[in-house]
Amino acid sequence: MKIITILGARPQFIKAAAVSRLLRRSMREVIIHTGQHYDRNMSKVFFDELGIPAPDYNLGIGSGPQAAQTGAMMAGIEKILVKEKPAWVLVYGDTNSTVAGALAAAKLHIPICHIEAGLRSFNRRMPEEINRIVTDHLSDLLLCPGRTAVVNLKKEGITRGVHLVGDVMADALAYAAKRSRNHSRILEKLGLAEKKYLLATVHRAENTDDPARLRNILSAFSQIEEPVIFPVHPRTRNCLAAFNSVNRKSQIDNLKFIDPLGYLDMVRMEQSARMILTDSGGIQKEAYWLGVPCVTLRNETEWVETVKAGWNVLAGADCKRILKFVRSFVPPSNRPPLYGDGHAAAKCVTLLK
Ligand code: UD1
Ligand code: UDP
């Protein structure tokens with residue numbers, strides 16, 4: 001059976017690393033990289049580090065406005081689907097690459113498998129929310145990371161083809177956690193000690209493209225008494241440059257801006273942080289699985305179970321709230337397992353078969 005997997009953005013490479021390895025034992029996989037992410041440290045580093053097979057096709061679409069980027073991806077994907085005639089198209093998550101793959105496949109009547117189906121923020125101002133809703137409504141096999149996702153789909157009338165499999169990011173993390181402790185030298189390189197720093201990431205459009213929100217977040221970071229290490233996503237780098245905050249970086253001496261990290265270094269940084277401050281979906285879950293308290297720089301989250309469990313708090317882009325949580329948030333002593341048992345990829349492959 002031939003499967004076409006559509007990838008494009010950083011978290012999708014990490015998810016595919018967990019699935020492709022198993023998929024290829026029993027199926028022929030053809031990978032299309034849309035080129036949505038293209039910097040070496042946003043794309044190739046993950047293929048190299050995680051042994052993801054090189055893409056069979058790279059569309060090289062690059063960056064652009066929402067519709068232009070999604071439309072260009074659809075046109076490129078359509079041509080390949082017509083030529084390759086796969087039995088299924090596999091898409092991950094909620095990016096423009098996800099929805100482009102789903103739309104192109106649906107119109108060619110090729111069944112779609114969506115890994116990480118059913119997530120909702122209930123905030124339609126996020127491009128990701130639109131991508132999730134459209135992709136789920138077009139998919140034939142909807143593989144959900146948690147129970148809330150199954151319930152969300154049911155509320156939208158989607159019950160056929162829905163399966164609770166757990167989160168393939170947990171599989172990826174289990175694979176990387178030990179390796180990263182043994183191989184990553186990032187703490188030494190940055191001169192950091194265990195639990196003596198905070199790790200921060202910010203890349204959501206709602207934060208980066210709103211100067212007031214971004215300024216509030218940076219203001220909070222700069223008032224924290226401990227070192228804050230901030231691997232800067234290229235979107236954020238551009239926004240910081242645009243309103244000239246970058247010029248202030250030398251004055252913020254507890255706050256260290258660094259380039260985006262490879263996955264093993266990132267996991268090492270997460271494991272050893274006292275706390276994580278983020279607006280990333282993937283990193284909220286990784287913080288939970290690694291037992292690191294997380295302050296989410298958003299007003300809502302799709303990963304509500306981590307909040308209910310008491311390990312994740314929503315601070316929005318409110319400077320005072322962020323500082324309050326950094327100084328006083330203590331999670332409970334128990335941390336029930338969430339989003340599966342680290343064997344989600346095997347379940348996805350079995351269901352596809
Ligand atoms: C995308 C996803 C988001 C996901 C994130 C993961 C959409 C709508 N958003 O957001 O859900 O959480 O990826 O990281 O699909 N850029 C570079 N080099 C790169 C990639 C991007 O310089 O390799 C810059 C460009 O200026 C680009 C901007 O970053 O315009 C944003 O990139 P884009 O892929 O459009 O969205 P992300 O913010 O990365
Ligand atoms: N990540 C990484 N290097 C970084 C930042 C993030 O390897 O510098 C990993 C992170 O550990 C997680 C994934 O990228 O596995 C999350 O991707 P991102 O935050 O870009 O997107 P989201 O999950 O919000 O869609």
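Me: Which element gives the largest share of the shell around ligand 2?

Reply: In this predicted model, 19 residues surround ligand 2, with Arg204, Leu261, Ser280, Gly282 and Glu286 the closest. Two or more residues of that shell are given by each of α1 (10-26), α12 (263-272) and α13 (281-290). The largest share amounts to four residues, and the element that gives it is α13.

Me: Which residue has a side-chain N or O atom 2.7 Å from an oxygen atom of ligand 2?

Reply: Polar contacts are counted here for N or O pairs within 3.5 Å, and a polar side-chain atom of His203 is 3.4 Å from an oxygen atom of ligand 2. A polar backbone atom, that of Gly281, lies 2.9 Å from an oxygen atom of the ligand. The distance of 2.7 Å to a side-chain N or O atom belongs to Arg204.

Me: How much of the accessible area that ligand 2 has on its own does the protein cover?

Reply: Ligand 2 sits in the largest pocket, and by class its shell holds 10 nonpolar, five polar and four charged residues. On its own, ligand 2 has 530 Å² of accessible area, and the part of this that the protein covers is 96%.

Me: Why does ligand 2 lie between domain 1 and domain 2?

Reply: The domains in question span 2-164 for domain 1 and 185-328 for domain 2. Ligand 2 lies between them because residues of its shell are given by both domain 1 and domain 2.

Me: Which element supplies the largest share of the shell around ligand 1?

Reply: Around ligand 1 there are 22 residues, of which His37, Tyr38, Glu128, Arg235 and Asn238 come nearest. At least two residues of this shell come from each of α3 (66-84), α5 (127-138) and α11 (234-242), while domain 1 and domain 2 each contribute at least three. The largest share is four residues, and the element supplying it is α11.

Me: Which residue places a backbone N or O atom 2.8 Å from an oxygen atom of ligand 1?

Reply: Side chains also approach the oxygen atoms of ligand 1, with an N or O atom in the side chain of Gln36 at 2.9 Å and a polar side-chain atom of His37 at 2.7 Å. The backbone atom at 2.8 Å from an oxygen atom of the ligand is that of Asp39.

Me: What percentage of the area that ligand 1 exposes when taken alone is buried by the protein?

Reply: Ligand 1 sits in the largest pocket, where its shell comprises six nonpolar, 10 polar and six charged residues. Taken alone, ligand 1 exposes 740 Å², and the percentage of that area buried by the protein is 89%.

Key: Residues are numbered from 1 along each chain as its sequence is written. Chains are lettered from A and ligands numbered from 1 in the order in which they are written. This is a predicted model: local features need pLDDT of at least 70, side-chain atom pairs count only at pLDDT 80 or more; totals for chains, interfaces and linings use all residues. Side-chain values use heavy atoms; hydrogens and water are left out. A residue is near a molecule or strand if one of its heavy atoms lies within 4 Å of it. A polar contact is a pair of N or O atoms within 3.5 Å; within protein, one must be able to donate a hydrogen and the other to accept it, and residues adjacent in sequence count only if both atoms are side-chain atoms. Accessible areas come from the Shrake-Rupley method with a 1.4 Å probe; for residues, only the protein chains shown count as cover. On a 1 Å grid over the protein atoms alone, a cavity is a set of points where a 1.4 Å probe fits but cannot get out, and a pocket is an open set with protein on both sides within 12 Å along at least five of seven lines; lining residues have an atom within 4 Å of a point. A molecule sits in a cavity or pocket if more than half of its atoms lie within 2 Å of its grid points. Ala, Val, Leu, Ile, Met, Phe, Trp, Tyr, Cys and Pro count as nonpolar, Asp, Glu, Lys and Arg as charged, and the others, Gly among them, as polar. Domain bounds come from an automatic or database domain assignment.
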